[in-house]
Amino acid sequence: MEPRVGPAPDAAPQVRPYHHPAAGWGAAKSVTRVLVEERELVDGPRAIMRMNHENGGFDCPGCAWPDDTKGLRLDICENGIKHVTWEMTRKRVDRAFFAAHSVTELAGWSDYDLENQGRLTEPMAYDPESDHYVPISWKEAFEVVGAALRGLDDPNRASFYTSGRLGNEATFLYQLMARELGTNNLPDCSNMCHEASGRALQAALGTGKGTVDLKDWESADALFILGVNAASNAPRMLTALAEAERRGAQIVHVNPLVEAAATRTIVPHEFLDMALFKSTRTSTLNLQPRIGGDMALLRGMAKAVLEQSASDPKALDATFVERHTAGFEEYRALCAATPWEELERQSGLSRADILRAARVYTEADRSIVSWCLGLTQHEHGVDTVREIVNLLLLRGNVGREGAGPSPVRGHSNVQGNRTCGIDHRPTEAFLDRLADACGIDPPREHGLDTVRTIQAMRDGEVKVFVAMGGNFALAAPDTAATYAALRSCDLTVQVSTKLNRSHVVHGRAALILPCLGRTEKDHQRKGVQRTSVEDSMSMVHLSLGMKRPASPHLLSEPAIVAGMARAALPDSETPWDWYIEDYDRIRDTMAVALDGFEDFNRRVRLPLGFRIKQPARELVFLTPSGRAEFSTAALPDVVPEPGTLALGTMRSHDQWNTTIYSDDDRYRGVKNLRTLVFMNRADMLERGIADMGAVDITSTAKDGSHRYLKGYTAVPYDIPRGCAAGYMPEMNVLCALGDYSTQSDQPIMKHVKVTIVPAAGG
């Protein structure tokens, strides 16, 4: 069956325009409601005071926005508090629960109801005869995993997935286990989110990461925010935007939908503003390109810069371009040859709008361009991010304070996962250092990413699937194909904190291995342990849990990895048990194996931790030319065919990734409804669709196949003509497994070709 997500509504759906500031009293009210519902009126506020602090605090398990650099006592946000209290719930999913409910029964529950049962308490194994999960000891569970891995005729018949919540130490051990087994099958959530960013930045600048830090945000003259719903996905960015507006910086938001973060905010920790209901603007210009039109906008801005430089030489930093870049003349010629009419048609914006954005850029001495999945989950995502770099290079906005590219990562340690070895395409240099540091002979052949792992499971080539965190069954594209792939496995292993869809869509054999949450104390032989994480701006810092574990039977993620590794690699010389006694020992090995982690244990204990070196920030470009590389990619045609729409999937405000807190979406004015599609009113009228009318949605894949959602509700919204939007994970079913970018291999979840018509019989 298709997944049903969200609690059953108790009232009729409502959609009313939202005109209030982002955050502010709306966020405070929401947080209070969550604390009351989860009965965390004592530990909840304690957690709030301990979250995102370097002195004995824990890192928020939500987004990857950097910690405040000025010692802010309440460096928190509404969604972070929701995430923490959701993890700290007093509800438990124990053996009695599983005895009372078969997997077939649980498969009929909504995803909200599955997660709302509470924390998992002990290892469980699927019993096919009774169709129930039954208790299993940790020793027996590890032996099940070990036997399955040892029994494979090829280590590449296993695949090891990682979500962005896994800490650096567990990440390092996890990839070490996989590579000691002999595979680089290490898919991760980056394969679905920011793979395009990493590949583009690596090609252009010689680094797969952004070059700026939070201090740069505090000194930039102009901020360009593209494809980001900051108020929901990185709410602490609101503080940076409010501060930027107050110091007179220009803030340009680029998004098909004008989101709440692109209007005004009341930052909750600014108590006087809260008391006076005083809001601060968070934008000076909002542009609404068509879905996929960002690249044309960026090229138009570059074209304007180059045209202005003919009469105003200061518009172009010719010295920087000459000293530090390659390919400029080819790029100049490309911009000159691109007609303004084509830029307008592809972007969906007028020439005047494009010039307005370009004027902000040329008048600013220092500019940052920031982006998220609105730019990457497209066929041309790599080219679009490279166009960002092209624009920055024209005015020397790389390698200096207050300027540069700044991707907004989603999950709390997704960037750290990649840094610490979760990469299906590892470099030879990384593998050489790993071999020297750990005494193993890692495989050199590239492994499987997320999409190809699903294909390989479906085709019977991957037999064992292990997932460290996340909810793979819902997060992946093409829901039916992903379900079938998981069910084709001999063994699926889910390391989780709470019950979710991936536990009821499983292989012939299945294990649920419950782990500690970020908020909980991790007791090991040498005392309570800390783990490290890396934020989206390359700062690495420690996290220390504060709560008693939800169950005495929980293990830490590093301990679970070590247990699986011991069972799968009985002759391994890697000191798995010794590592788990004291995580400093893991970090000492990481300091040898990972570039930028030298003297790890000392530096990570510094206030706010340390920043991983970024050569491009020092104008050292590790590219073939030794310079920053201009890109000359052709503009893609993103104008929808007649009768079709470009649909982008997104989160609601009251969800985090695949975790749904309610059926509401406060910032878009929605209550009691998730099965909706936002449409331009003119597109609705053209199709005979009434406001709040029932519609059927059909997607057309690259191979011509179709996928369907029936009986959705059409909601008129301020979105460009030819565009539509709706919530993931419900709409993931519309993105075919084969519809991934040939540039990044990412599923193109922000650019699904659909037709929408009034519902049959409606």
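1. Strands S8 (residues 222-226) and S9 pair in the parallel sense, over five bridges. Within this pairing, Leu223 stands opposite Ile251 in S9. Please keep in mind throughout that the model is predicted.

2. S9 has another partner. With strand S12 (residues 285-287) it pairs over three bridges, again in the parallel sense. Here Val254 stands opposite Leu287 in S12.

3. Next, Ala240. This residue belongs to helix H12, which spans residues 237-246. Is Ala240 buried or exposed? Ala240 has a relative accessible area of 9%, so it counts as buried, the cut-off being under 20%. Which residues does Ala240 touch, once its neighbours within four places in sequence are left aside? Ala240 is in contact with Trp65 and Trp217. A further distance can be checked in the model: the C-alpha atoms of Ala240 and Thr282 are separated by 9.1 Å. Those two residues are 42 residues apart along the chain.

4. Helix H3 runs over residues 78-87. Ten of its ten residues are buried, so the helix is largely enclosed by the rest of the structure. The buried residues include Glu78, Lys82, His83 and Glu87. Also among them are Ile81, Val84 and Trp86.

5. On cysteines, the count of disulfides comes to zero. A disulfide is a covalent bond between the sulfur atoms of two cysteines. Why does Cys723 form none? The closest cysteine sulfur to that of Cys723 is in Cys735, 17 Å away, and this is too far for a bond, because the cut-off is 2.5 Å. Cys723 is also buried, at 2% relative accessibility. Cys335 counts as buried too, with a relative accessibility of 1%.

6. Finally, the largest pocket. Its volume is about 1100 Å³. The pocket is lined by 32 residues, and the closest to its centre are Gln202, Gly208, Lys209, Asp423 and Thr427. Which elements give two or more residues to the lining? They are helix H9 (195-205), helix H21 (414-419) and helix H22 (428-438). By class, the lining of the largest pocket holds 13 polar, ten charged and nine nonpolar residues.

Note on methods:
Residues numbered from 1 in each chain as written. Predicted model: local features only at pLDDT ≥ 70, side-chain atom pairs only at ≥ 80, totals over all residues. Heavy atoms only, no water. Helix = DSSP H or I, 4+ residues; strand = E, 2+ residues; numbered from the N terminus. Buried < 20%, exposed > 50% of the residue type's maximum accessible area, 1.4 Å probe, protein only. Contact = heavy atoms within 4.5 Å. Pairing = 2+ DSSP bridges. 1 Å grid on protein atoms, 1.4 Å probe; cavity = no way out; pocket = protein on both sides within 12 Å on 5 of 7 lines; lining within 4 Å. Points joined across faces, edges and corners; volume = space filled by probe spheres on them. Nonpolar A, V, L, I, M, F, W, Y, C, P; charged D, E, K, R; others polar.
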